[in-house]
Amino acid sequence: MHPAIPAHSVLFVEDDPMIARTLSMGLRYEGFALSHAASVAAAMQLLQQQVFELILLDVGLPDGDGINLCRQLRLLHPATPILMLSARTDEGAVVSSIEGGADDYIRKPCGLRELSARMRRLLGRRQPEAVNRPVISYGAIQMDSQRRTVSVGDTPLQLGKKEYEVLMLLVRANGDAITREQILNQFEDSNVIYDRTIDSHLSHLRRKLKDAGAVERIVAIYGVGYKLESA
């Protein structure tokens with residue numbers, strides 16, 4: 001173990017119980033503070049409760065694709081290192097992972113020493129001031145991820161849980177478009193969410209932003225998704 005090295009908080013997303021148990025034990029012995037999730041839904045729930053310094057993410061998950069989740073996490077946590085873990089050996093999986101926002105890719109089965117070394121390398125390259133910055137903004141919209149508060153200028157904005165998550169996606173995208181799939185991933189029961197549910201949340205967000213005096217608006221991009229735009 002590495003007692004002189006601070007325990008870095010790591011989210012480990014892996015659905016195979018044997019791999020999860022073996023690597024979790026080894027990585028904790030190596031000095032990492034590990035939290036395990038076996039699904040996309042469980043991972044998103046943990047991310048709402050805690051800030052992690054690194055995410056170790058399996059490609060194949062029971063309720064979603066790890067590469068799609070990686071794209072989602074890159075928007076939500078742009079400075080957090082993501083290391084993809086997969087049994088797939090084809091070049092396409094590696095390329096898709098990197099293009100999806102992953103910082104590194106390692107194939108299973110992998111040695112504990114190599115995995116630990118890659119994780120520490122990524123942690124050494126991260127920018128602490130960016131990881132720990134709780135407040136993000138787009139125009140007059142400000143969001144505090146620690147307090148989970150939103151304001152437009154000096155006007156506080158009261159949002160529901162899902163409205164907050166959708167707006168966080170839009171603000172983190174910083175004017176780039178997000179897809180309906182990315183919005184859908186904010187819902188734990190995504191298999192039973194209909195298009196009209198997404199439309200309803202977006203409609204409520206548009207109205208609340210307008211009522212708060214925001215000049216920023218949510219714009220639909222045909223065939224792509226949605227983005228924030230300053231009027």
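Is D58 buried or exposed? D58 turns out to be buried, with a relative accessible area of 4%; buried here is under 20% relative accessible area, exposed is over 50%, and partly exposed is in between, using a 1.4 Å probe and protein chains only. The model is a predicted one, so to speak of local features takes a pLDDT of at least 70, side-chain atom pairs count only at pLDDT 80 or more, and totals for chains, interfaces and linings use all residues. Residues are numbered from 1 along each chain as its sequence is written, and side-chain values use heavy atoms, with hydrogens and water left out.

D58 has a charged partner. Its side chain forms a salt bridge with K108, the closest N and O atoms being 3.2 Å apart; a salt bridge is a side-chain nitrogen of Lys or Arg within 4 Å of a carboxyl oxygen of Asp or Glu. D58 sits in strand β3 (residues 54-58) and K108 in the loop between β7 (104-107) and α5 (112-125), so the pair ties together parts that are 50 residues apart in sequence. Helices (H or I, at least four residues) and strands (E, at least two) are DSSP runs, numbered from the N terminus. K108 counts as buried too, at 16% relative accessibility.

The structure holds 12 salt bridges. Another of them joins R118 to D104, at 3.0 Å from N to O. D104 is buried at a relative accessible area of 10%, while R118 is partly exposed at 24%. R148 and E165 also meet in a salt bridge, 2.8 Å from N to O. Since R148 lies in the loop between β9 and β10 and E165 in helix α7, the pair ties together parts that are 17 residues apart in sequence. E165 counts as buried at 6% relative accessibility, and R148 as partly exposed at 34%.

Four strands make up an open sheet in the order β8-β9-β10-β11, with antiparallel pairing; two strands pair if DSSP finds at least two bridges between them. The edges are taken by β8 (135-138) and β11 (155-157), each with a single partner strand, so one side of each is left without a neighbour in the sheet. Direction ignored, neighbouring strands are turned by 25° against each other on average. Between the antiparallel strands β9 (residues 141-144) and β10 (residues 149-152) there are 4 bridges, and D144 has T149 in β10 as its bridge partner. Helix α7 (residues 161-173) packs on this sheet and touches β8, β9 and β10, its direction making about 115° with that of β9. Contact means heavy atoms within 4.5 Å.

The axes of α2 (residues 40-49) and α3 (residues 66-76) come within 12 Å and cross at roughly 10°, which makes α2 roughly parallel to α3. Angles under 35 degrees count as roughly parallel, over 145 as roughly antiparallel, 65 to 115 as roughly perpendicular and the rest as oblique. Axes are lines fitted to C-alpha atoms, for helices over the stretch in contact, and angles run from 0 to 180 degrees between N-to-C directions. From α2, V40, M44 and L47 meet L69, Q72, L73 and L76 of α3. By class, this contact has 6 nonpolar residues, 1 polar and no charged ones; Ala, Val, Leu, Ile, Met, Phe, Trp, Tyr, Cys and Pro count as nonpolar, Asp, Glu, Lys and Arg as charged, and the others, Gly among them, as polar.
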